[in-house]
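The following report describes selected features of a two-chain model.

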Amino acid sequence: MIASARRFFDGDVWFSFRSTPVAVGAAVVALVLAFSAIFAGWVAPHNPFDLATLELSDARLPPAWIEGGSSKYLLGTDDQGRDILSALMYGARISLLVGVASVLLSVVVGVGLGLLSGFAGGKTDALIMRVCDVMLSFPSILIALLIDGVGRAMFPNAHDTLAFAVLVFAIALPGWVQYARTVRGSTLVERNKEYVQAARVTGVSSLRIMRRHVLPNVLGPVLVLATIQVATAILTEATLSFLGVGVPPTQPSLGTLIRVGNDFLFSGEWWITIFPGLMLVLIALSVNLLGDWLRDALNPRLR
Amino acid sequence: MTPLKSTLIAAALAATCGLTSAVTLRVANQGDATSMDPHSLNESLQLSITGNVYEPLVGRDKKLGLVPALATQWTQTSPTVWRFALRKGVKFHDGTPFTADDVVFSFTRAAGDGSDMKGYTSALKEVRKIDDATVELETTAPFPILPDVISLVYIMSKKWSEDNKAEKPVDRRKGIENAASFRSNGTGPYRLRERQPTTRSVFVRHPGHWEKAEGNVDEVIFTPIGNDATRVAAMLSGEIDMMEPVPLQDVERLKGNANISVMQGPELRTIFLGMDQKRDELQFSSVKGKNPFKDKRVRQAFYQAIDIEAIKSRVMRNAAAPTALMVGPGIKGFVPDMNKRLPFDTEAARKLLTEAGYPNGFEVSMNCPNDRYVNDGEVCQAVAASLARIGVKINLQAESKATYFPKILRRDTSFYMLGWTPGTYDAHNALSNLIATPTDKGQGTFNLGAYSNPKIDDLTARIQSETDQAKRNAMIAEAFKLHADDIGHIPLHQQALAWAMKKNVSLVQLPDNFMPFKWINVK
């Protein structure tokens, strides 16, 4: 463990990280956001999801530094009296959760199918790749909307957990294609290399070769793709919630907060929508910058 | 006039409209009529829109008084028989003459399967044709306010309906649509030229209308814009000439614009919450094996848990009047003395809920529209927050009225929000539609939680035939008292109307939120 940690800190990737200020900055921002989101229950001054604690009479208070604001609510409150700062933390948690969960799901599906496709070749490959082609010909938001709609029709009284599951599935499904394509490409290259052939000659089963030999060698691009996709998934979730088909309204994610605030833009209550918007930008930007750096760091040709 | 001829004339008119100074009015609303069928949904917006195309026998003037429409006069020939003389020379938009057959047909249709207007026809025993220009309406019991009650029963063409297989109303509950949903053929001042549900409907003036036109609008383009901010942006940018409702948060901003005027006024609509009190087990709740809403203490706990003043000041920005009654001021039979709500008291509510056997509350779904009433979704969220304080967890389903209405009209709900304007401007309408025990004859059509009190049913029947105003008012007050004591529903407030229009548009704002295009002038 210590040895592998030392290897990491002595290695190229860590060096590249330390010498890239943008990456360090992005990582710090992402860590702070992730921390405040994960530990929202302890860090946030209020619990915006606990309806019993909402004070309707405190609705639409401006941020603390503006006249009429209250130090109780640093970034103001929304139309139901939810503290914006707390709502941001809890909202970011939902956004991150949905983002990471859907990326994990699409990575598992995509990498699995990609490996299979590249390694098996022939009809299996053709079938999987044609499915990919079909999926790629639809905008992903459209597929997500479709699945979300079907999911809602199938479970009309779905709440909380089920609604989240449907949402994660809706975002993950259009996402796996990219992993499958990437992994298939790499697998095609790897499977003809000597070490694979050596393994085959010694009688290792195909499944084991795929898992133990090919998989570790094709994961680099997947890691990069997954990092960037987390940002995309968060944005997709925000889009769906903005359209009103995302998470339940009593548990607002960032997209829901932006949508609610959008109604108040003209009336001067800008903080309800601007802060969630900024939060979304910060999350997406920091994750994307990290992904960019990772891509450069893992690409031997750019070194 | 043959259909071909009328099409040609319409086309010629349309062509000239483009060239000469035809007046077009672009109207935006937060929602759309669910159908163009005038008998399919008893909802203000739908009846307001279709009321420009179709007409009743007895209409309303600018003060909501009765005026002759398709009937020129009416007399009571016996306590239960009313005779209506029909207007002569009236033609439907397709040129078919309007006769007594159409009246008999329309009343039969409105009273028949799939109709949502049964509440207005339930007192009728028979509708008889005497001759081509005379009909008689016979009621089962004396019904002194019959002309008020039928002012929303619109007359359709018998021939057109039969030709288009639209003899039966569109039934949204069952998802049945027919030609009357998308096309129309009325006698009204405007005809429907184009209908794209939830997107755009175009109405053009019917040149052969019997009444001299007061307004000067030749064409009305009606666009539903659900998002508040988008609707306001459309108004500010001049993309539309008129909008309603104005989101409460934007009233001041629109007032400050030199080109736009905002018209505000009280609305006759009462917003309230209803609870399923019929089923032995709620459909959508964590409580199994029994129905908590059958217990008055639970209903009262819900009532007292709601912080109505906070809803008024924060959600409604003071554009609402909290109410204890199911009808508001301006409705005949409103009792000002009884308009006192039970106090907002979380502690008392929690105690009541504990007594009823739910010390930790329970979970129940709530159905709400989010594009029908002023800030409806927000009000429901606030109610959910209030109820959370007594341990009741609300699973809020706030959705577009296109899905909300079919659901609650099928009574697939445990707890719902609804708004009601008595179409007759009389308390009896609220009693018979909202409070009376539901029957298949049209009582309690919108009593979706099936609240039932036989004493009120009896009073409602007697109020219907009572002619002595003082006695009638006393009975209405008694019925409201019984209902309030039972906590049959939880009244919330009367909302205020807010319309915005360009300065060059002059119109009449009716307190029932109807918008007859025929009175609109654009300078």
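Lys212(B) lies in the loop that joins strand 9 (200–205) to strand 10 (219–224) of chain B; helices (H or I, at least four residues) and strands (E, at least two) are DSSP runs numbered from the N terminus. Lys212(B) counts as exposed because it has 5 C-beta neighbours inside 10 Å. A residue is exposed if 12 or fewer other C-beta atoms, placed from the backbone, lie within 10 Å of its own, buried if there are 20 or more, and partly exposed in between. Between the C-alpha atoms of Lys212(B) and Lys518(B) the separation is 9.7 Å, although 306 residues part them along the chain.

This is a predicted model, in which local features need pLDDT of at least 70 and side-chain atom pairs count only at pLDDT 80 or more, while totals for chains, interfaces and linings use all residues. Residues are numbered from 1 along each chain as its sequence is written, and chains are lettered from A and ligands numbered from 1 in the order in which they are written.

A nonpolar core is a set of buried Ala, Val, Leu, Ile, Met, Phe, Trp, Tyr and Cys residues joined through C-beta atoms within 7 Å. Two such cores are listed below.

| Core | Residues | Members include |
|---|---|---|
| Largest | 155 residues | Leu57(B), Met366(B), Cys380(B), Ala384(B) |
| Another, apart from it | 76 residues | Tyr73(A), Ile94(A), Leu257(A), Val260(A) |

In the largest core, the four residues named touch the most other members. Strand 17 (residues 490–502) of chain B gives the most to this core, with eight residues.

Helix 17 (residues 469–486) of chain B has 18 residues and spans 26 Å from first to last C-alpha, close to the 26 Å expected at 1.5 Å a residue; the expected span is 1.5 Å times one less than the number of residues. Its buried residues include Arg472(B), Phe480(B) and His483(B). Helix 15 (427–435) and helix 16 (454–465) of chain B are among the elements covering them. Just after helix 17 of chain B, Ile487(B) adopts a positive phi of about 50°.

Contact between the chains involves 23 residues of chain B and 20 residues of chain A, two residues being in contact if their C-beta atoms, placed from the backbone, lie within 7 Å. On the side of chain B that touches chain A, helix 13 of chain B gives the most, with six residues.
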